[in-house]
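Q: I have a structure open and have not looked at it before. Can you walk me through it?

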Amino acid sequence: MPVDYSRRSSDYDAIRADDATDRAFWLRGLVEVGRIRPGERVLDLGAGTGRFAFLLHASNPVVALDSSREMLSIAHAKAPFACVRADGHRLPLRADAIDVTVIVMVLQHLADYELTLREVARVSHRVVIATSDLSTRTLGIVEEAFPSLLDIDRIRFPRIEAIVGALERAGFGDIQTKKRPYVRTLTVTQQLDRVRRKYISTFDLLPPGEYDRGVRFLERELPRRFGDRFEVKSSFTFLSGTR
Ligand SMILES: C[S@@+](CC[C@H](N)C(=O)[O-])C[C@H]1O[C@@H](n2cnc3c(N)ncnc32)[C@H](O)[C@@H]1O
């Protein structure tokens, strides 16, 4: 079942993004692994609220593409970069229009990510993808609270080796894979707020009752175990390819 981002657009940035982490972790990972140079034409595929389109727009011409009108309207209000509403399986761009395509936490939402990567290879010389490696992902107390969550995500998220294979079949070479550690410190109140506002899209896909039970468990256990400081420790995998 696809996740509907239209309902999530209004508080998407508030619960997922903070400027420091977006710059120091996500943007830096994209620029370093994707070797993005100032002036290169960038496509942000599945740009959502334009977090990365906005940051890249300072140095690069950017096209933010997403299928959700509501997410794109937030992106559009951030800065005057191009916003295109389209399906990532059929990119409305001519061949070789783009130097580098960035794809952050999107592949798990696509019905056919191989088709999207073939489209990316048609329009773009390079690609950089950021995703979660479910073969090693752990969520600590969040996993305890929502026992089905990782099993659901293991089905949703393509495996890293499968993405590498799809990139190769799409015509990309020189494929690099880098797992980068992610640490973010929040207050327990902030973390509870994120959970109540469903900061993980998979919360909508849990079996009946599990989300509510998990929220009650975290309301009790987060303050008891962590006091006021909650550290999110994880990692994300960045892949790049050139054709
Ligand atoms: C988890 S969000 C990531 C947004 C942004 N890349 C970020 O990291 O903040 C996934 C985004 O993919 C978009 N999306 C899902 N399916 C899509 C498709 N077929 N074509 C284009 N965008 C799609 C959703 O609308 C949503 O904005």
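This is a predicted model: local features need pLDDT of at least 70, side-chain atom pairs count only at pLDDT 80 or more; totals for chains, interfaces and linings use all residues.

A: Residues are numbered from 1 along each chain as its sequence is written.

Q: How many helices and strands are there in the protein?
A: The protein has 10 helices and 7 strands. Both are DSSP runs numbered from the N terminus, with helices being H or I of at least four residues and strands E of at least two.

Q: What radius of gyration does the protein have?
A: The value is 18 Å, which agrees with the radius near 18 Å of a compact globule with 243 residues. The radius is taken over C-alpha atoms, and the globule rule is 2.2 Å times the number of residues to the power 0.38. Along the principal axes, the C-alpha trace spans about 55 × 35 × 30 Å.

Q: What share of the residues count as buried?
A: Of the 243 residues, 33% do. Buried means 20 or more other C-beta atoms within 10 Å of the residue's own, exposed means 12 or fewer, and partly exposed is in between, with C-beta atoms placed from the backbone.

Q: Switching to the ligand, which residues are the closest?
A: Gly46, Gly48, Ser67, Ser68 and Gly88 are the closest of the 17 residues that surround the ligand. A residue counts as near if its C-beta atom, placed from the backbone, lies within 6 Å.

Q: Where is aspartate 96?
A: Aspartate 96 sits in the loop between β3 (82–85) and β4 (98–104). This residue has a positive phi of about 65° although it is not a glycine. Most residues other than glycine have a negative phi.

Q: Is aspartate 96 buried or exposed?
A: Aspartate 96 is exposed, with 11 other C-beta atoms within 10 Å.

Q: And what phi does methionine 105 have?
A: Methionine 105 has a positive phi of about 55°, and is not a glycine either. Its place is the loop between β4 and α5 (113–123). Methionine 105 is partly exposed, with 17 other C-beta atoms within 10 Å.

Q: In what sense do β6 and β7 pair?
A: Strand β6 (residues 173–187) pairs with β7 in the antiparallel sense over 13 bridges. Pairing requires at least two bridges found by DSSP. Proline 181 stands opposite serine 235 in β7.
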